[in-house]
Amino acid sequence: MAKTQRTTITILLAWLLAGTLDITAAFVYYVGSSATGAERLLQGIASGVLGAAAFTGGAATAVLGLLLHYLIALIWTVVLPLSNVRQAPIRVGPAITAAVILVCCIGLPISLVLAWLLRDSGGGSSDVAR
């Protein structure tokens, strides 16, 4: 297989995998099993281009939102290799590591401790720990 063809296939696979995992995570985290919520989430993406009109466009603007989501994923898939990941994996790696640390060492502990404190003190809503 020629190097150009291998690169193209690699980029396409990475793009589709990243885009699909990301939108799936968004659906699971923000929407659950609500089809209406899924349409609204995708319309929210389309609103970046269409503004508030995206929320009155029905399925058409939801499809536009999905297409825009995959376009953004494609741009990141192309940009990341251009960021010298091959020549400077250490520099790219710490950026990823920093994001994970931010979530695991800052976001989660703060959320869990606050939820625990609010639950025990009777303050806050019943769905704080969700």
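Visitor: Is Tyr70 buried or exposed here?
Guide: Tyr70 counts as buried, because its relative accessibility is 18%, and buried means under 20% relative accessible area, exposed over 50% and partly exposed in between, with a 1.4 Å probe and protein chains only. Please keep in mind that this is a predicted model, in which local features need pLDDT of at least 70 and side-chain atom pairs count only at pLDDT 80 or more, while totals for chains, interfaces and linings use all residues. Residues are numbered from 1 along each chain as its sequence is written, and side-chain values use heavy atoms, with hydrogens and water left out.

Visitor: OK, and how many aromatic pairs does the structure hold?
Guide: The structure holds two aromatic pairs, where rings of Phe, Tyr and Trp (its six-membered ring) pair if their centres lie within 6.5 Å, and planes under 30 degrees apart count as stacked, over 60 as edge-to-face and the rest as tilted. One of them joins Trp15 and Tyr70, with ring centres 6.2 Å apart and planes at 90°, so this pair is edge-to-face.

Visitor: Where in the chain do those two sit?
Guide: Trp15 is in helix H1 (residues 3–31) and Tyr70 is in helix H3 (residues 58–82), so the pair links distant parts of the chain, 55 residues apart. Helices (H or I, at least four residues) and strands (E, at least two) are DSSP runs, numbered from the N terminus. Trp15 also counts as buried, at 18% relative accessibility.

Visitor: What about the pair of Tyr29 and Tyr30?
Guide: Tyr29 and Tyr30 form an edge-to-face pair as well, with 4.8 Å from centre to centre and 90° between the planes, but both Tyr29 and Tyr30 are exposed.

Visitor: Back to Trp15: which residues does Trp15 touch?
Guide: If residues up to four places away in sequence are not counted, Trp15 touches Tyr70, Ala73, Leu74 and Thr77, where contact means heavy atoms within 4.5 Å. Thr77 lies in helix H3 and is buried, with a relative accessible area of 11%. Leaving aside neighbours within four places in sequence, Thr77 is in contact with Ile11, Ala14 and Trp15.

Visitor: Which residues make up the largest nonpolar core?
Guide: The largest nonpolar core has 10 residues in all, namely Trp15, Ile23, Ala26, Val31, Ala38, Leu41, Leu42, Ala62, Tyr70 and Ala73. A nonpolar core is a set of buried Ala, Val, Leu, Ile, Met, Phe, Trp, Tyr and Cys residues joined through side-chain atoms within 4.5 Å. H1, H2 and H3 each supply at least two residues of this core, and the largest share, four residues, comes from H1.

Visitor: New topic: how many helices and strands are there?
Guide: The chain has four helices and zero strands, and its elements run α-α-α-α from the N terminus on. Of its 130 residues, 17% count as buried.

Visitor: And what sits in H2, say Gln43?
Guide: Gln43 is found in helix H2 (residues 35–50) and counts as buried, at 4% relative accessibility. Beyond its neighbours within four places in sequence, Gln43 is in contact with Ala54, Phe55, Gly57, Gly58, Thr61 and Ala62.
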